[in-house]
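Reader: I have a new model open and want to learn how to read it. Where do we begin?

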Amino acid sequence: MKIIPQIAALHGEISAIRRDIHAHPELFFEERRTADLVAAKLQSWGIEIHRGLGRTGVVGVIQGARGAGKRIGLRADMDALPLQEHNLFAHRSTQKGKMHACGHDGHTAMLLSSAQYLAEHRDFAGTVHLIFQPAEEGGGGAREMIADGLFDKFPCDAVFAMHNWPSMSAGRFGVRPGPMMASSNEFLIKVRGKGSHAALPHDGSDPVFAACQIAAGLQGVITRNKRPIDSAVLSITQFHAGDATNIIPDDAWIGGTVRTFDIPTLDLIETRMRAIAEHTAVAQDCSVEFDFVRNYPPTINHPAETAFAAEVMRELAGADMVDDNVDPTMGAEDFSFMLLERPGCYIFIGNGEGGHRDAGHGVGPCMLHNPSYDFNDAILPLGSSFWVKLVERYLAG
């Protein structure tokens, strides 16, 4: 490991910042305290700041001391999740029903630490844009920052983001060219029939029966319509109907999520789902309303930027600590919107198995979106050093 000594020396300070953010979580587009903290730190280090993109976003700008050159964007997300924390250690959430259960507190702290070092040294040619983004967890903050002119006001030749990854050993990196994370989409299928007494089903049109057949039929989209080599998930997560055991209701509805690594597969799945829902409902003398919402596109890493990032990882951590063909995940990430606009790469940094957690942690696993999760402060210097090395290599002039 080639951790930058000055960053390692500030480990305690940056850990304290991370834990402060963890103790004061804010949901998407509510990150005012976090944004204030970020802006104050950046300004104290002499970094030019801009606020308000994507409502609560913060952008810091650092000019290199070696003149003009390329421009690189580094992104960290700031928002928390609507989840009640089970941990009881000192830096647990102080906000009921809100928790940093995805490590965005750590992502913000790592980028702040690298910003401090880069502001003090500026040994590069070009410009660093520090993108502190709101609303990754469902709000599409990346999309909103772009809509507010992020890349027009702060041009980037390449953009990078990093996410901690539980179960990957602390100190390891993971990356891959092409699909890194899936698209995120949700569906709601409302089946409308004609209610009747449950003892006299022939007097009505049973939406529950129709919805059950639709639910079963949808699984055929994955097993019979898409190509087997194209990865996709279709999960029904909700089924609601009726209020009494002796009444067939007027309507029923099912909902869930679809995940794919490419848009043509997603197009196929949506088309087939709609056809199955509509025709199955008609066959049961019911009608249907089919809603399909595309939330986040797949996160697709660009080959050149991915190879460059992997080279920096190997230089920093050693070749044996870098998996440059890591398995993609069906989770989703709104950094995908930035990768649609600019070339770049999304990176995993290992968070470990959970042994780092302070006494008083919850009984659950240290996994993302789990109430017993906590970010591993031991990896803060590694992540920050990676950002610095990436910038210095990319803006070498």
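Author: Helices and strands are DSSP runs, numbered from the N terminus. This is a predicted model. Take F261 as a case: its place is the loop between β12 and α8 (263-283).

Reader: Is F261 buried or exposed?

Author: The cut-off for buried is under 20% relative accessible area. F261 has 13%, so it counts as buried.

Reader: Which residues does F261 contact, sequence neighbours within four places aside?

Author: P179, M181, A182, S231, P298, I300, P328, T329 and M330. For a distance, take M78. F261 and M78 are 183 residues apart in sequence, and their C-alpha atoms are 25 Å apart in space.

Reader: Give me a contrast. Is A9 buried or exposed?

Author: The cut-off for exposed is over 50%. A9 has 65% relative accessibility, so it is exposed. A9 belongs to helix α1 (residues 5-9).

Reader: Now sheets. How do strands pair?

Author: Strands of a sheet pair through backbone hydrogen bonds, either parallel or antiparallel. Here 8 strands form an open sheet with mixed pairing, in the order β1-β2-β4-β3-β5-β16-β6-β15.

Reader: Which strands stand at the edges?

Author: β1 (48-51) and β15 (322-323). Each has a single partner strand, so one side of each lacks a neighbour in the sheet.

Reader: What does the pairing of β4 look like?

Author: Strand β2 (residues 58-63) pairs with β4 in the antiparallel sense, over 6 bridges. Strand β3 (residues 70-77) pairs with β4 in the parallel sense, over 8 bridges. T127 in β4 shows both sides: Q63 stands opposite T127, and R71 also stands opposite T127.

Reader: How many residues of β4 are buried?

Author: 8 of the 8 residues of β4 (residues 126-133) are buried, so the strand is largely enclosed by the rest of the structure.

Reader: How many bridges join β3 to β5?

Author: The count is 4, and the two strands run parallel. One example is I72, whose bridge partner in β5 is A158.

Reader: Which members of the largest nonpolar core touch the most other members?

Author: F160, F173 and F386, in a core of 63 residues. Look at F160 in detail. Apart from neighbours within four places in sequence, its contacts include I72, L74, F308, F335, I347, W387 and L390. R75 and E305 are also among the contacts of F160.

Reader: Last topic: pockets. How is empty space found?

Author: Rolling a probe the size of a water molecule over the atoms shows where empty space is left. In this model, the largest pocket holds about 580 Å³. Its lining has 24 residues, and E137, S184, R259, A332 and H369 lie nearest the centre.

Reader: Which elements give two or more residues to that lining?

Author: β5 (158-166), β8 (184-192), β12 (251-260) and β13 (287-296). β8 gives the most, with 3 residues.

Reader: What is the class make-up of the lining?

Author: There are 7 nonpolar, 11 polar and 6 charged residues in the lining of the largest pocket.

Notes:
Residues numbered from 1 in each chain as written. Predicted model: local features only at pLDDT ≥ 70, side-chain atom pairs only at ≥ 80, totals over all residues. Heavy atoms only, no water. Core = buried A, V, L, I, M, F, W, Y, C linked by side-chain atoms within 4.5 Å. Buried < 20%, exposed > 50% of the residue type's maximum accessible area, 1.4 Å probe, protein only. Contact = heavy atoms within 4.5 Å. 1 Å grid on protein atoms, 1.4 Å probe; cavity = no way out; pocket = protein on both sides within 12 Å on 5 of 7 lines; lining within 4 Å. Points joined across faces, edges and corners; volume = space filled by probe spheres on them. Nonpolar A, V, L, I, M, F, W, Y, C, P; charged D, E, K, R; others polar. Pairing = 2+ DSSP bridges.
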